[in-house]
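This report describes a model of two chains, first the fold of one chain and then the contact between the chains. Please view the sequence and the structure before reading on.

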2 protein chains.
Amino acid sequence: MEQLRKLIREVPDFPKPGILFYDITTLLKDPDGLRLSVDQLAEHYLGKKVDRVVGIEARGFIFAPPVAYRLKTGFVPARKPKKLPAPAARETYSLEYGEDALEIHKDAISKGERVLIIDDLLATGGTAAAVVRLVKSLGGEVVGLGFAIELDFLKGREKIPDHDVFSLLHYSK
Amino acid sequence: MEQLRKLIREVPDFPKPGILFYDITTLLKDPDGLRLSVDQLAEHYLGKKVDRVVGIEARGFIFAPPVAYRLKTGFVPARKPKKLPAPAARETYSLEYGEDALEIHKDAISKGERVLIIDDLLATGGTAAAVVRLVKSLGGEVVGLGFAIELDFLKGREKIPDHDVFSLLHYSK
């Protein structure tokens, strides 16, 4: 994993002063970085009978499809409101100021299907918890949640208890 | 390819009246649909020495990373303004009303690198042409452009002449 850590670019004061941003684009453009991160995420869930891999818009769309491809299963996007063309279930979640929402097509997950949720970053966990609620509202079973980066000091995994949470890289403040 | 066509959902009057929307989510959630579409896109460019695969936000992020993974190369996102944390090049393009822009990190593509551009849909070609300009402005060489769906009647490929354009599925009005 330390090979991957060297490929992450740390950008101070983005998107605003005082925030240290962990930029995954330097990892993604590296052939070994992309391959290793996808393989390590996928291999954690090999043998766990994953039926669908859900990726969260927009950066979760980057990791989830190749993980689904590697696991020989299908990909389902969790999108921002009004992007999906067919009937969709919606869950709202809190932001620092106000709230936002995510949607999944109602026919994208069937009752009893085993779902892996993938995003690039686990921060406060609000988004991840909303997607867990979405998947469960459609009758899906959450096999686990996989992330490229986890900001341990924000304690996001406390918002998704009782679920397997796996992150390639951990950062403390 | 006709196996893939059956997996596309046609949604009338989305995102507005009179538009027939070709929904790829029904293809993506199908394990064979995802695998075949990624493999067919990637195999068209095997042997063409692709150094980087650029995906266009947001739905281009779905196909480009698994194609890059399959081609054993790196992925570079072309993002909407203000999303990228490091210095980026920008190109604007016209929309029906007004204009929008896309950005790529300046250090994501080096002079002479061979770049494949991937998006889900080739419609009027404005977005694709902007990304071609972006890649060239950074010194990259465009190996080709690959799409899941091409709306032939909008003649998008006329906006990207002198480039190899490959689409899995073609639709006429």
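Helix H3 (residues 31–45) of chain B lies across S7, S8 and S9 of chain B and runs at about 145° to S9(B). Contact here means heavy atoms within 4.5 Å. Angles run from 0 to 180 degrees between N-to-C directions, with axes as lines fitted to C-alpha atoms, for helices over the stretch in contact. Helices (H or I, at least four residues) and strands (E, at least two) are DSSP runs numbered from the N terminus.

The model is predicted: local features need pLDDT of at least 70, side-chain atom pairs count only at pLDDT 80 or more, and totals for chains, interfaces and linings use all residues. Residues are numbered from 1 along each chain as its sequence is written, chains are lettered from A and ligands numbered from 1 in the order in which they are written, and side-chain values use heavy atoms, without hydrogens and water.

The open sheet of chain B has five strands in the order S4-S3-S7-S8-S9, with parallel pairing; two strands pair if DSSP finds at least two bridges between them. Strand S4 (74–78) and strand S9 (165–171) of chain B are the edges, each with a single partner strand, so one side of each has no neighbour in the sheet. From one strand to the next the twist averages 20°. Strand S7 (residues 114–122) and strand S8 (residues 141–151) of chain B run parallel and are joined by eight bridges. Arg114(B) has Glu141(B) in S8(B) as its bridge partner.

Chain B superposes on chain A by a rotation of 180° with 0.0 Å of shift along its axis (RMSD 0.0 Å), fitted by least squares on the C-alpha atoms of residues with pLDDT of at least 70 in both. The two copies are thus related as by a two-fold rotation axis. In chain B, the C-alpha of Pro66(B) is nearest the axis, 2.2 Å from it.

| Item, chain B with chain A | Value |
|---|---|
| Residues in contact | 40 of chain B with 40 of chain A |
| Buried area | about 3400 Å² |
| Salt bridges | two |
| Residue pairs in polar contact | 19 |

Buried area is the accessible area (1.4 Å probe) that two parts lose on being put together, summed over both. Carbon and sulfur atoms give 61% of it. A salt bridge is a side-chain nitrogen of Lys or Arg within 4 Å of a carboxyl oxygen of Asp or Glu. Arg9(B) forms one with Asp107(A), the closest N and O atoms being 2.6 Å apart.

Notes: A polar contact is a pair of N or O atoms within 3.5 Å; within protein, one must be able to donate a hydrogen and the other to accept it, and residues adjacent in sequence count only if both atoms are side-chain atoms.
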